[in-house]
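Here are my notes on the model you sent over. Have it open while you read.

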Amino acid sequence: QVQLVESGGGLVQPGGSLRLSCAPSRSRFTMNAVGWYRQAPGKERELVAEVDSRGNTNYVDSVKGRFTISRDNAKNTVYLQMNSLKPEDTAVYYCNADLLVSFAYVKNYWGQGTQVTVSS
C-alpha cells in the first residue's frame with residue numbers, strides 16, 4: 001500500500017530554518033500536483049504552498065519570501081524550505097499529493113503530518 005512519507009519537522013527558535021520533505025513510499029508512483037498544508041490548534045487547515053508537475057508554485061501571503069516549495073522529479077520528492085520562521089508558523093504540516101498509481105489513474109493522498117514548533 002502506497003503512502004506519503006514526510007520528514008524534517010521539529011523544534012526551532014524564531015528566525016531559524018527547517019526543510020520538510022515529502023515522497024511516496026513507493027517510487028513507482030509519480031507525484032503530480034503537490035501541496036503543503038498546515039493546521040494550528042484551533043484553526044482551520046490552510047494551504048501553505050503548492051507546486052504542479054511542471055514546477056509552477058503558489059504561496060499563501062503569510063509565507064511569501066520565507067518559504068520555498070520545490071521538487072526533484074528525478075527523486076520524486078517535494079521539499080518545503082522554511083526560513084525566518086515565526087511562532088505563528090507553529091503547526092502540524094501535511095503533504096498532499098496526487099499520485100499516478102497506474103495508467104490514467106490518479107489518486108489523492110495525505111501524509112500523516114509532521115510537527116513544526118517555533119519557540120524560544
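This is a predicted model: local features need pLDDT of at least 70, side-chain atom pairs count only at pLDDT 80 or more; totals for chains, interfaces and linings use all residues.

1. Strand 8 has a partner in strand 3 (residues 18-24), antiparallel over five bridges. In that pairing, L20 sits opposite L80.

2. Strand 7 (residues 67-72) also pairs with strand 8 in the antiparallel sense, over six bridges, and here S70 faces Y79. The two strands make a hairpin with four residues between them. Take a look at N76 in that turn, as its phi is positive, about 55 degrees.

3. Now the inside. The largest nonpolar core counts 31 residues, and W36, L80, M82, Y93 and L99 have the most contacts within it. Strands 3, 7 and 8 are among the elements giving two or more residues, but strand 9 gives the most, with six.

4. There are four salt bridges. One joins R38 to D89, with the closest N and O atoms 2.9 Å apart. R38 is in strand 4 and D89 in the loop between strands 8 and 9, so this pair ties together parts 51 residues apart in sequence.

5. D89 also meets R66, at 2.7 Å from N to O. Which residues do shared partners join into one network? They are R38, E46, R66 and D89. R38 is buried at 6% relative accessible area, D89 at 1% and R66 at 10%.

6. Finally, K64 bridges to D61 at 3.0 Å; D61 is exposed, at 61% relative accessibility.

Note on methods
Residues are numbered from 1 along each chain as its sequence is written. Side-chain values use heavy atoms; hydrogens and water are left out. Two strands pair if DSSP finds at least two bridges between them. A nonpolar core is a set of buried Ala, Val, Leu, Ile, Met, Phe, Trp, Tyr and Cys residues joined through side-chain atoms within 4.5 Å. Buried means under 20% relative accessible area, exposed over 50%, partly exposed in between (1.4 Å probe, protein chains only). A salt bridge is a side-chain nitrogen of Lys or Arg within 4 Å of a carboxyl oxygen of Asp or Glu.
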